[in-house]
There are 2 protein chains.
Amino acid sequence: MRISELSATTGVPIATVKYYIREGMLPRGDAQRANQSDYTHEHVTRLRLIRALADVGQLPLTRIRQILTLIDEPGKIRRTAITEAVDALLPDAPAREDYPLARATLDRLGYAYDPTFTATARLEMAIHAVLDAGMPWDDEIIDAYGPAVFAIADCDIRRLSACPQEQIVPSGILTVAMYEPVIVALRRVAHIHALDHRDD
Amino acid sequence: MRISELSATTGVPIATVKYYIREGMLPRGDAQRANQSDYTHEHVTRLRLIRALADVGQLPLTRIRQILTLIDEPGKIRRTAITEAVDALLPDAPAREDYPLARATLDRLGYAYDPTFTATARLEMAIHAVLDAGMPWDDEIIDAYGPAVFAIADCDIRRLSACPQEQIVPSGILTVAMYEPVIVALRRVAHIHALDHRDD
């Protein structure tokens, strides 16, 4: 397809497409003639990924570039690539030696505790903010949230495992980033549903 | 307590405390002497709520003021107050007559569909973004996410119901806003846990 069709399909303006190409984030199209290049379905997929990370993930360009590099690196072990991708999606957290609130929560859930993983630091910050706001974070909540969140994550990973190998990392990144706002919105609708189905 | 102690307890600078008082978001302390006021535990709670909404909820001051007005309105029916509070926490979504993607999802989950509820519009936008990114939103995902998210929401509402009446709305707002980042971080840790416990 031509650049105009690529733009129409993805909703990304032509000038922005050209910018991504100049920045090396999107491969050039196959040169057909002097002033015309041919773009494929892979360009569509790549553009959608970039836009998803920018719009929904609210990620800055430097971080998107970092994620694209991860995707393009060949021969990465699957787990490492996904872990790094999940990490890259998160804003940097202050690095510390230990995250005691996250550790206690993960211990209770029977999860491995890895202080080098950015999500661990984010979990610590999030629980800290809960406590700072004077709200509780106790075993009753952990026991309710833990299995529920695991059911969501397990569904994500089960479906990812069914992807062709070369799709695993980009799909993994989109899975992590794109379903998050759905979960958040769904929880708010579910609050009202739960409220309407109680008798107190 | 004095304003200096209120500031130390909550971590909010004295100048900011004074600003909130001038803006009518925080009640004045009881005047003790010409230059000294007395602040109570209620001031601490209120300040924590404002900071949580500003820092974690990333809400602008106008919206925080709107939420505080909801909280201060006496005699509100509980469901209405909580629904409006959940609504106020969400950024405005373009109002439409119908949200077909959200409607189909809520139908499948057996939830009431209310197009006037902001969370419904946000759900529509979030599912739309998923599809735009070329990712699926199908019955398998709905059937996995739905009950899991409901378990989380039900835990939230069950605990809220145990609050004293006058605490319901502020606690409800903090519950919606403060646990969201925990759920998001927990999902990312759970992804790695799920990945490590599969054999493919």
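Which side chain makes a polar contact with the side chain of A:D98 at 2.5 Å, besides that of A:R103? Select A:Y113: its side chain makes a polar contact with the side chain of A:D98 at 2.5 Å. Keep in mind that you're looking at a predicted model.

**Stop 1: A:D98**

Stay on A:D98 for a moment. You'll find A:D98 in the loop between helix 5 (78-89) and helix 6 (100-109) of chain A. The side chain of A:R103 is another partner, in polar contact with the side chain of A:D98 at 2.5 Å. Leaving aside neighbours within four places in sequence, A:D98 is in contact with A:R103 and A:Y113. Is A:D98 buried, partly exposed or exposed? A:D98 has a relative accessible area of 30%, so it counts as partly exposed. For a sense of scale, draw a C-alpha to C-alpha distance from A:D98 to A:G11: these two are 44 Å apart in space and 87 residues apart in sequence.

**Stop 2: the interface**

Now colour by chain. On the chain B side, 74 residues are in contact with 74 residues of chain A. About 7200 Å² is buried between the two chains, and carbon and sulfur atoms give 72% of that area.

The elements of chain B that give two or more residues to the side touching chain A are helix 3 (41-55), helix 5 (78-89), helix 6 (100-109), helix 7 (118-132), helix 8 (139-161) and helix 9 (168-196). Helix 9 of chain B gives the most, with 23 residues. By residue type, this side of chain B divides into 47 nonpolar, ten polar and 17 charged.

**Stop 3: A:R188**

Select A:R188, in helix 9 (residues 168-196) of chain A. Its side chain meets that of B:E180 in a salt bridge, N to O at 2.7 Å. Why does A:R188 count as buried? Because its relative accessibility is 4%, and the cut-off for buried is under 20%. Show what surrounds it: A:R188 touches B:V86, B:L89, B:L90, B:F117, B:A119, B:V176 and B:E180.

**Stop 4: the core**

Finish with the largest nonpolar core, which has 140 residues. The members that touch the most others are A:W137, A:Y145, A:I173, B:W137, B:Y145 and B:I173. Zoom in on A:W137, whose contacts include A:I127, A:L131 and A:Y145, along with B:Y179 and B:V182 from chain B.

Methods. Residues are numbered from 1 along each chain as its sequence is written. Chains are lettered from A and ligands numbered from 1 in the order in which they are written. This is a predicted model: local features need pLDDT of at least 70, side-chain atom pairs count only at pLDDT 80 or more; totals for chains, interfaces and linings use all residues. Side-chain values use heavy atoms; hydrogens and water are left out. Contact means heavy atoms within 4.5 Å. Buried area is the accessible area (1.4 Å probe) that two parts lose on being put together, summed over both. A salt bridge is a side-chain nitrogen of Lys or Arg within 4 Å of a carboxyl oxygen of Asp or Glu. Helices (H or I, at least four residues) and strands (E, at least two) are DSSP runs, numbered from the N terminus. Ala, Val, Leu, Ile, Met, Phe, Trp, Tyr, Cys and Pro count as nonpolar, Asp, Glu, Lys and Arg as charged, and the others, Gly among them, as polar. A nonpolar core is a set of buried Ala, Val, Leu, Ile, Met, Phe, Trp, Tyr and Cys residues joined through side-chain atoms within 4.5 Å. Buried means under 20% relative accessible area, exposed over 50%, partly exposed in between (1.4 Å probe, protein chains only). A polar contact is a pair of N or O atoms within 3.5 Å; within protein, one must be able to donate a hydrogen and the other to accept it, and residues adjacent in sequence count only if both atoms are side-chain atoms.
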